[in-house]
Amino acid sequence: MTEPLAETHPNESDPDAARLIVLSDGVYAIAMTLLVINVAIPAHLDDAAFRRALSDALPNIGAFALSFTLIAGFWRDHRRILTALPIDTAMVTRLILLGLGLVALLPFPTALLAEYASQPEAVALYAGAMAMIHAVHATLLLLTQRQVHPSPESSAATTRRRFTAQLGSSALIFTLSVPLAYINPEAAMWFWLTLIPAHYVLGHYFNRLPPK
């Protein structure tokens, strides 16, 4: 999904942080597991029915692969964000829980996307959920930038800004695909591939900044 944070300050020794990390890992594990529920083929089919069922299952497999990859990226990003965050404020804790709630909801829009990829509402709902999760992660980083890295000129602060910019670009791309879905659902899904060059360009830009 995004590049890792550098020079973070792990706070797993904090009991509150440790509990949030355990809760987060559980939510992500359950969300990943629930994705596969819709990938199934009935038993005792004849050859022709089996081939039809297998063909019908391909969209579910594709949606599972896409969402599993994205959730795995969210988990990696979330873990790195969480271990570097000061979680002693209600706002930060609420944002973390909001992000977890959105992740727990992902199996629903994933199932809709698998079954109704031609319907604009299904594509828009999936993109909206993705946009909100990215936005929550970016907001967490923005709110705590100065607390984690008091010196804005440090290399770690620059890395954190790059990470935030990549999350923000993901949120923007998924958000822009929502209205596009109502014009052309297939084009909206292809538009998600712009995540790759967007992250590359941002990473290249921040890497070229002169060292402080």
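Is the crossing of α2 and α4 left-handed or right-handed? A few notes to get you started.

1. The crossing of α2 and α4 is right-handed (the near helix is turned clockwise from the far one by less than a right angle). This is a predicted model, where local features need pLDDT of at least 70, side-chain atom pairs count only at pLDDT 80 or more, and totals for chains, interfaces and linings use all residues. Residues are numbered from 1 along each chain as its sequence is written, and side-chain values use heavy atoms, with hydrogens and water left out.

2. Helix α2 covers residues 47-82, and its axis comes within 8 Å of that of α4, crossing at roughly 145°. Axes here are lines fitted to C-alpha atoms, for helices over the stretch in contact, and angles run from 0 to 180 degrees between N-to-C directions. Helices are DSSP runs (H or I, at least four residues) numbered from the N terminus.

3. On the α2 side the contact (heavy atoms within 4.5 Å) involves Pro59, Asn60, Ala63, Phe64, Leu66 and Ser67, and on the α4 side Thr110, Leu113, Ala114 and Glu115.

4. Now for α4 (residues 107-115) and α5 (residues 120-143): they pack at about 150°, with axes 8 Å apart. The two are therefore roughly antiparallel (angles over 145 degrees). Here α4 passes α5 in a left-handed crossing.

5. Who meets whom in this second pair? Phe108, Pro109, Thr110, Leu112 and Leu113 of α4 touch Ala122, Val123, Leu125, Tyr126 and Ala129 of α5.

Definitions and conventions:
Angles under 35 degrees count as roughly parallel, over 145 as roughly antiparallel, 65 to 115 as roughly perpendicular and the rest as oblique.
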